[in-house]
Amino acid sequence: MNAQLSPLPESAGVQRLLFDDFELRLDSGELLKAGSPVKLQPQPFKVLEVLAGRSGEVVSREEIRQAVWGDAFVDFDASLNFCVKEIRRALGDSATAPSYVETVPRRGYRFLRPVRTGSETAAPSPAKMPPLPRPKPWSWLGPVGATGTLLILLTFLVASRLRPASTLPPAEEKAGKESLSSSEPANEAYLRGIYFLQHEEYDNAEASFQKAIVLDQGFAPAYARLALAQLKRPDRPADPEVVETAARRAVELAPNLADAHVALGQILFLRHLDWSGAGRELQRALALDPRSADAHIFYSLYLAALGRHAEAIASVKRARELDPASMMAGANYAWYFYLDHQYEEAIRQAQSVQELLYPSSLKATPKAAHMGIRGCLDTILLSAWRLGDQETALGAAKAILEELGPPYQADRLRNLDEFWKGREQRIQKVLRTQPVDPYFPAKNAMVMGDRERALDLLSRCATKGSLAFPFAAVEPVFDPLHGDPRWSQVLDCLKLPDDAPARQGVR
């Protein structure tokens with residue numbers, strides 16, 4: 001159990017903390033060096049205040065968390081790392097040879113310099129410019145230099161996403177207009193995050209949204225976009241805890257923010273199998289912003305898992321109209337035809353998506369798009385396999401191998417049995433070092449004819465945090481299991497509503 005934090009300096013009437021030629025003014029939140037202001041954002045300032053107030057002591061990360069953020073905060077580790085980095089920048093310090101802030105591995109941080117306190121009234125700050133007139137719209141972007149020009153361009157790119165739809169009621173319209181942060185640096189980080197998200201640079205997008213949250217803990221759109229960035233990235237599964245915490249915080253701060261309800265609805269669906277709650281949140285998002293491609297994409301996933309395939313296809317088709325370049329919308333559009341057993345149409349649409357979005361070679365395709373390509377290829381593979389079209393299926397299998405690794409592996413592939421066995425070997429290899437969503441080994445077990453193993457793996461899905469498990473009832477590969485007495489147990493684990501088409505006729 002962590003020790004209680006020592007009282008913060010201001011509780012003893014201390015107004016200033018002094019070390020070397022630096023001065024922390026606790027009343028005004030200023031850091032000065034030899035009397036001149038040093039730029040330091042509020043959250044890093046608070047962390048520095050905690051560390052300097054306990055100079056010479058090791059302050060644990062958890063103690064810093066409680067003192068600065070409390071319990072309700074997203075991705076604390078990344079936030080604290082950012083704050084420490086900003087503190088070192090402001091003090092001219094080094095992580096490898098620290099003079100001020102030392103990292104104590106697996107424990108926390110220690111402030112190294114002796115600190116003096118001052119309770120007398122601080123000298124006035126250096127003279128400042130007189131207050132500027134109230135800014136006109138968008139003037140929070142600052143003077144137009146190279147950075148300003150970039151931000152203005154970004155603003156125009158995302159302006160339609162930040163404005164509420166013109167058909168919303170006045171209260172909702174007002175909420176949308178008030179959603180931008182009053183902090184210019186937070187807005188800059190947020191806009192950069194949207195730019196990165198649109199260009200499928202997910203690591204940079206998440207880092208930017210997290211920075212915006214650090215700079216303004218009440219910035220609802222940053223929480224919502226952080227959750228969506230996690231949900232949309234194709235290269236790794238979302239972190240359910242991060243998504244849910246961020247989504248709920250966004251809904252709490254801005255109940256009329258469509259993106260917040262999109263993210264919350266999706267995590268209720270994937271993580272909790274709360275079908276009624278998920279449907280309510282996703283429908284709320286569409287009511288708030290009918291032109292949100294993300295809302296249509298995630299609502300279509302929910303509909304597809306219920307077996308409402310015609311509605312899912314219509315919803316994702318609308319998403320493609322709103323965002324024609326969306327990798328997720330294009331790949332899912334083809335996949336829904338496969339789930340609906342329209343295999344020939346699924347193949348046609350998957351091939352069309354590939355030609356439309358990825359006309360060049362795989363090497364020239366952005367890394368983040370490779371999962372979309374693989375999704376289209378998998379749709380072609382399984383659809384052709386179900387049709388008994390060995391030639392088309394084998395061609396898709398070779399393309400998947402080419403996308404995964406050296407081309408010679410694809411050239412040597414002679415039949416689908418070799419492909420399924422090779423995929424099983426890759427699954428087992430990964431399992432030696434990290435967990436694998438049991439849903440995917442279950443699918444591979446089925447195509448290899450091992451029904452018992454497939455059922456065993458599916459029975460584990462509900463307890464293993466599988467984010468693909470909600471689609472088990474509509475996956476055609478599992479059709480042969482529907483007559484097995486144990487299949488109804490899988491459906492019960494899914495908590496499928498009794499009126500869901502995916503449950504009908506298979507009890």
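This is a predicted model: local features need pLDDT of at least 70, side-chain atom pairs count only at pLDDT 80 or more; totals for chains, interfaces and linings use all residues.

A: Let us begin with burial, for which a residue counts as buried when its relative accessible area is under 20%, and as partly exposed when the value lies between that cut-off and 50%.

Q: How is a pair of aromatic rings described?

A: A pair of aromatic rings is described by the distance of the centres and the angle of the planes. In this model 22 aromatic pairs are counted. One of them joins F269 and F471 edge-to-face, with 5.8 Å from centre to centre and 80° between the planes.

Q: Which parts does the pair of F269 and F471 tie together?

A: F269 belongs to helix α10 (residues 258-272), while F471 sits in the loop between α21 (451-461) and α22 (487-494), so the pair ties together parts that are 202 residues apart in sequence. Ring pairs also link F269 and F471 into a cluster with W275, Y299, Y302, W335 and Y336.

Q: Are Y439 and F440 buried or partly exposed?

A: Y439 is buried, with a relative accessible area of 3%, whereas F440, at 45%, counts as partly exposed. Y439 and F440 form an edge-to-face pair, 5.5 Å centre to centre with 85° between the planes.

Q: What span does helix α6 reach?

A: Helix α6 (residues 184-198) has 15 residues and reaches 21 Å from its first C-alpha to its last, close to the 21 Å expected. Its buried residues include Y190, L191 and F196, and E200, which follows α6, has a positive phi near 60°.

Key. Residues are numbered from 1 along each chain as its sequence is written. Side-chain values use heavy atoms; hydrogens and water are left out. Rings of Phe, Tyr and Trp (its six-membered ring) pair if their centres lie within 6.5 Å; planes under 30 degrees apart count as stacked, over 60 as edge-to-face and the rest as tilted. Helices (H or I, at least four residues) and strands (E, at least two) are DSSP runs, numbered from the N terminus. Buried means under 20% relative accessible area, exposed over 50%, partly exposed in between (1.4 Å probe, protein chains only). The expected span of a helix is 1.5 Å times one less than its number of residues.
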